[in-house]
Amino acid sequence: MLLIQNVTLYEKNDPETVDVLIAGGKVEEIGKDLNYKMKTLTVLDGTGKIAIPGYIDQHVHVTGGGGEGGYANRVPELVPSDCTRGGVTTLVGLLGTDATTRSVANLIAKVKALKQYGLTAFCLTGSYEYPSPTLTGSVKKDIVFIEEVIGVKIAISDHRCSNMSKEDMVRLASEARLGGVLSGKPGIVHMHTGSGNQKLDMIFDILKTEDIPVSVFRPTHVGHIFDDAIRFANMGGYIDFTSGQRIQETAKQIQKAFTLAPQELITMSTDSNGSLPKWNDRKEVIGMGVGKITTMHEVIRSLVLELGVPLPQAIRPVTGNVAQALNLYPRKGIIAEGSDADMLLLDKDYTIDTVICGGTIMMSEKKVLKKGTFEE
């Protein structure tokens with residue numbers, strides 16, 4: 001059991017100093033001057049700290065991404081403590097360009113390992129490719145029978161994708177949706193959206209002619225298709241920005257999106273441990289970067305400190321909104337009695353001081369307390 005005393009918590013937009021009691025990995029009670037005395041109780045002083053929900057990152061290359069440009073460009077696997085440093089307590093793992101030297105089996109095993117570490121972790125079957133690589137031989141069966149699988153990943157409007165037809169996408173979306181219906185999971189088609197000419201044209205066409213709900217389609221990396229993304233959100237679909245390497249630019253796009261689309265449909269993820277290749281006009285690799293999970297919090301700080309967005313609004317794309325999008329709310333995405341005890345304690349300058357995941361203190365005073373098996 002854990003008691004956090006004198007911490008600032010936002011109820012809507014109004015800050016309030018309270019105590020938070022955590023028991024069994026859940027928030028048990030929130031109130032003023034809670035008085036508990038037990039041998040098994042750990043007391044944490046939250047004076048001067050702000051408590052917010054743990055971040056949810058729905059686009060993480062947990063087994064490493066990349067491979068463009070050759071074997072030496074394969075990005076290493078995610079290190080568990082990087083999630084802690086970035087304030088991420090829940091994540092969704094996925095494959096990217098390379099489903100040849102990496103596999104869905106490898107992905108699921110890594111997600112299970114992250115769960116043993118203490119994170120809440122899910123994954124998507126599939127990759128950039130179509131037909132989608134799976135574990136069971138079927139996207140639908142992967143979603144229905146594999147606990148961690150909540151949907152399928154695909155790539156569109158990108159020179160590395162399979163250039164699937166409209167009919168292919170309709171079949172894939174229908175299979176993912178049915179898998180979700182049968183299993184009670186989101187059953188989503190999470191779409192890497194590249195910088196090709198097609199943008200979201202195919203999806204708009206499908207929504208015009210077919211009966212598949214807009215909620216099935218989840219475009220990500222929407223910063224470079226901003227206008228299409230706003231149109232899609234105003235049709236009722238979730239849009240996912242990528243924190244990436246351009247922190248201030250992403251923050252400005254999200255701030256702008258808040259004014260043009262329903263705020264509850266805007267999410268953000270990191271593309272952590274994915275490769276960020278730089279291409280010339282001939283689509284040749286001329287440079288390589290790597291996504292980092294810590295960029296999520298950097299964007300939040302930019303929104304608050306540089307753009308003046310109120311903290312409760314700034315964190316919605318990585319807490320409440322994405323929890324709703326993945327059918328995890330109110331278990332995740334909120335600090336409330338009965339919710340999972342996933343939370344961050346921020347200093348007054350909005351840096352992360354403490355990370356609590358499932359009621360376990362993973363980081364305190366900016367020092368990681370729990371690391372992966374092979375981390376030094």
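The second largest pocket of this predicted model holds about 600 Å³ of space, and its lining is made up of 23 residues, among which Tyr10, Lys12, Tyr329, Gly333 and Ile334 lie nearest the centre. Several elements contribute at least two residues each to this lining, namely the strands S1 (2–11), S2 (14–23) and S5 (50–53), together with the helices H9 (311–314) and H10 (320–325).

Proline 330 itself sits in the loop between H10 and strand S16 (343–346). A cis peptide bond also joins tyrosine 130 and proline 131, where omega is about 0°, and proline 131 belongs to the loop between strand S8 (120–126) and helix H3 (139–145).

The backbone deserves attention at two further loop positions. Lysine 199, although not a glycine, has a positive phi of about 50°, and its place is in the loop between strand S10 (188–193) and helix H5 (201–209). Histidine 221, likewise a residue other than glycine, has a positive phi near 55° and lies in the loop between strand S11 (217–220) and helix H6 (226–233).

Are these residues buried or partly exposed? Lysine 199 counts as partly exposed because its relative accessibility is 36%, which falls between the limits of 20% and 50%. Histidine 221, by contrast, has a relative accessible area of 9% and is therefore buried, the cut-off for that class being under 20%.

Notes
Residues numbered from 1 in each chain as written. Predicted model: local features only at pLDDT ≥ 70, side-chain atom pairs only at ≥ 80, totals over all residues. Heavy atoms only, no water. 1 Å grid on protein atoms, 1.4 Å probe; cavity = no way out; pocket = protein on both sides within 12 Å on 5 of 7 lines; lining within 4 Å. Points joined across faces, edges and corners; volume = space filled by probe spheres on them. Helix = DSSP H or I, 4+ residues; strand = E, 2+ residues; numbered from the N terminus. Buried < 20%, exposed > 50% of the residue type's maximum accessible area, 1.4 Å probe, protein only.
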